[in-house]
Amino acid sequence: MKKEFGSNYASITDVNFTAKYRASCYCDAVQYEVCSDPVDAKICHCLACQKLHGAPMQWAAIFHKHDVRITKGIDHLSFYNNELNKHERILPCKVSCALCGTLIADEGRNMWLAFPSLFNFGGVSKIPTKFKPTCHIFYGMRVIDINDDLPKWSGHKNHSELGGTLGTSIRL
């Protein structure tokens, strides 16, 4: 049984690590903690996220890997690199629970993109402000229009056009 996830992550034996938030998969076989607020939170509308999540968009809170540690279930983690269509831990990749199938996070080369719905905040009304999305990305690929005041980027934040007028959408 593996006890550590990787050298870029906080160690389970680090006595100075103070968990600020805890997350788990649906069956609780995989659990992890973070010791900081996210550096950003976004809603992604890209086609890969739509297909892999079976949803019109993905909400992700972004953490530095060194602020994350897996506390339970490292052996139950499953990896998928959608660019290469391989079930291997080739970064960037999707991380899920092999037992219940819950998507846990997107593991990037430097960051951990966590799914806030897996965190225990004590209720929907208690979602910390730092977890609330700051923008929409790949909004040009959206399948539904979102009427909020968040910036809507056609691609990546700060590296594409603002406005979200590209693409087609279905109003529900």
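# Reading the labels

Guide: Asn158 lies in the segment after strand 10, in a model that is predicted.

Visitor: What makes Asn158 count as exposed?

Guide: Its relative accessible area is 55%, and since the label applies over 50%, Asn158 is called exposed. Its backbone deserves a remark as well, for Asn158 has a positive phi of about 65° although it is not a glycine, whereas most residues other than glycine have a negative phi.

Visitor: Why is Phe138 called buried?

Guide: Phe138 has a relative accessible area of 18%, the cut-off for buried is under 20%, and Phe138 is therefore placed in that class. Phe138 is also found in the segment after strand 10, and its phi, near 55°, is positive in a residue other than glycine.

Visitor: Why is strand 3 described as largely enclosed?

Guide: Five of the five residues of strand 3 are buried, so the rest of the structure largely encloses this strand. Asp40, Lys42 and Cys44 point one way, Ala41 and Ile43 point the other way, and all are buried. This arrangement can be read beside the rule that in a regular strand the side chains alternate between the two faces of the sheet.

Visitor: Why are strand 6 and strand 10 said to stand at the edges?

Guide: The sheet is open, with seven strands in the order 6-7-8-9-4-3-10 and mixed pairing. Strand 6 (77-80) and strand 10 (135-137) each have a single partner strand, so one side of each is left without a neighbour in the sheet. From one strand to the next, the twist averages 30°.

Visitor: How many residues form the largest nonpolar core, and which have the most contacts inside it?

Guide: This core has 29 residues, and those with the most contacts inside it are Phe5, Tyr32, Phe63, Ile104, Trp112, Phe119 and Phe131. Strand 7 gives the most to it, with three residues. Leaving aside residues up to four places away in sequence, Tyr32 touches residues including Val68, Ile70, Ile104, Trp112 and Phe119. A second, separate core of seven residues includes Cys44, Cys49, Cys135 and Ile137.

Visitor: How do you know whether the radius of gyration of the protein chain agrees or disagrees with that of a compact globule?

Guide: With 172 residues, a compact globule would have a radius of gyration near 16 Å, and the protein chain has 16 Å, so the two agree. The C-alpha atoms fill a box of roughly 50 × 35 × 30 Å along the principal axes, and 44% of the 172 residues count as buried.

Notes:
Residues numbered from 1 in each chain as written. Predicted model: local features only at pLDDT ≥ 70, side-chain atom pairs only at ≥ 80, totals over all residues. Heavy atoms only, no water. Pairing = 2+ DSSP bridges. Helix = DSSP H or I, 4+ residues; strand = E, 2+ residues; numbered from the N terminus. Axes fitted to C-alpha atoms, helices over the stretch in contact; angles between N-to-C directions. Core = buried A, V, L, I, M, F, W, Y, C linked by side-chain atoms within 4.5 Å. Buried < 20%, exposed > 50% of the residue type's maximum accessible area, 1.4 Å probe, protein only. Contact = heavy atoms within 4.5 Å. Rg over C-alpha atoms; globule rule 2.2 N^0.38 Å.
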